[in-house]
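Here is a colleague's note for someone opening this entry for the first time. Please read it with the model on screen.

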Amino acid sequence: MPDFSPVFRRAFFAASLATLPLIAIPAGSASAHGDDAPKVVTSIKPIHSIASAIMKDIGEPALLVDGASSPHAYSLRPSEARALSEADLVVYVSHSLEGFLQKPLQTLSKSSHQLELVAVEGMALRKMRDGGAWEAHQHGDHDEDHAGHDDHDEHDDHAHGDHDDHNEHAHDDHDKDHHHDDAKEADDHDHDHAADTHDSDEDHHHEHGGIDPHIWMDPANGASIAIAITDELVEIDPEHADAYRDNLKTLLASLTSLGNDLRQKVAPIQGKPYVVFHDAYQYLEAGFGLTAVGSITVSPDQKPGAKRLHEIEDKIRDTGAVCIFAEPQFRPAVVQAVVSDTGIRTGTLDPLGANLKAGPDTYQQILAQNVDALVDCLGQGS
């Protein structure tokens, strides 16, 4: 019996809706752009990639935070502020992650659409984890964190029209759904500027009700993000609605195939404990049944104190953790100190794809790159 995980169920359901007859959008409900594509601005590379895939052959969204920059510490350049002011649609994860957008977004015209992805109905959300050494219950039942996960059918109605008959059939298939949510996104910031050496890292939390903002690390959430962006574009630019929906269908099929491939890859390493540098992978862990046991830091712009490092080293010894994963933007001495003290193997994870070229396939590359890194390190000697 195949394992129909959330990414397969949700992507299949959304793709099926995309093949149904399109519902006409009332005249005057959106401004048509004719042959001109909407001006779309995205915050970070994974979100830019999803938007690029939906807008393929129609237009190209702008990307604000590229390379090794951090969404936490980012400052808009004048050209980027101008692009924001002219945007038809701005897509970002959350006010807590991209804090640099809070004030600029307040100045945009009322005609500009703003899409905060953590607020999307049906998005699977998880709470921030406390401390660096996580207990088993922190990987357990998070039903209270799944904001609207069971309401995804309603979201798809909004995206593709009124399909009550289809939804009744789909809802029956979803009754047994148990939801996997996952990880966190790595903040790209030069760790050399992290001056805080105190132990307050254990108490550091993002805002937004303690929700972990790294939602894209779950490909099921990636499907929800794609649907939400399609909704907005269809409303803004109904003239290209068919093309957006066709691109959505292609992307959802790609995510379904990728999820299947990655699930097979991680099967041999499930249950093998490991430690990450930055707690950015909770969604990936839960979605693919992985076993992270701690992080050196909550956010890479916060240098961990001695207490945190001792807790991590104890956790490594107690659990027999196999690997510790750094991130390409950071070469902190603390990672090497933990390696020296414990003899643990090392690898590299990167939730933002800092070394990848931005484009419509980058999101899938980010997920695949991280899974490959986990398999390479955790699979040694197995």
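1. Cys323 stands opposite Arg345 in strand β8. Strand β7 (residues 323-326) holds Cys323. β7 and β8 (residues 345-348) pair in the parallel sense over four bridges. Pairing here requires that DSSP finds at least two bridges between two strands. Strands are DSSP runs of E with at least two residues, helices are runs of H or I with at least four, and both are numbered from the N terminus.

2. A word on the basis. This is a predicted model, in which local features need pLDDT of at least 70 and side-chain atom pairs count only at pLDDT 80 or more, while totals for chains, interfaces and linings use all residues. Residues are numbered from 1 along each chain as its sequence is written, and side-chain values use heavy atoms, with hydrogens and water left out.

3. β7 has another partner to look at. Strand β5 (residues 273-278) runs parallel to β7, joined by three bridges. In this pairing, Val276 is opposite Phe325. In a regular strand, side chains alternate between the two faces of the sheet. Both faces of β7 are covered: Cys323 and Phe325 are buried on one side, Ile324 and Ala326 on the other. Buried means under 20% relative accessible area, exposed over 50%, and partly exposed in between, using a 1.4 Å probe and protein chains only.

4. Which cysteine is joined to Cys323? The partner is Cys377, with an S to S distance of 2.1 Å. The rule for a disulfide is a pair of cysteine sulfur atoms within 2.5 Å. By that rule the count is one. The torsion about the S-S bond of Cys323 and Cys377 is about -105°, so this disulfide is left-handed. Cys377 lies in helix α12 and Cys323 in β7, so the bond ties together parts 54 residues apart in sequence. Cys323 has a relative accessible area of 0%. Cys377, at 2%, is buried as well.

5. Helix α12 (residues 362-378) also packs with helix α8 (residues 241-266), at an angle of about 0° and with the axes 10 Å apart. The two helices are therefore roughly parallel. That label applies to angles under 35 degrees; over 145 is roughly antiparallel, 65 to 115 roughly perpendicular, and the rest oblique. Axes are lines fitted to C-alpha atoms, for helices over the stretch in contact, and angles run from 0 to 180 degrees between N-to-C directions.

6. Who meets whom? The α8 side includes Leu251, Leu255, Leu258 and Leu262, and the α12 side includes Tyr363, Leu367, Val371 and Val375. Contact means heavy atoms within 4.5 Å. By class, the α8 and α12 contact has 10 nonpolar, two polar and two charged residues. Ala, Val, Leu, Ile, Met, Phe, Trp, Tyr, Cys and Pro count as nonpolar, Asp, Glu, Lys and Arg as charged, and the others, Gly among them, as polar.

7. Look next at the open sheet of four strands, ordered β2-β1-β3-β4 with parallel pairing. β2 (62-65) and β4 (113-116) stand at the edges with a single partner strand each, so one side of each lacks a neighbour in the sheet. Four bridges join β3 (residues 89-92) to β4, and Leu89 is opposite His113. Helix α7 (residues 219-236) lies across β1, β3 and β4, at about 170° to β4.

8. Finally, the whole chain. It has 12 helices and eight strands. Of its 382 residues, 57% count as buried.
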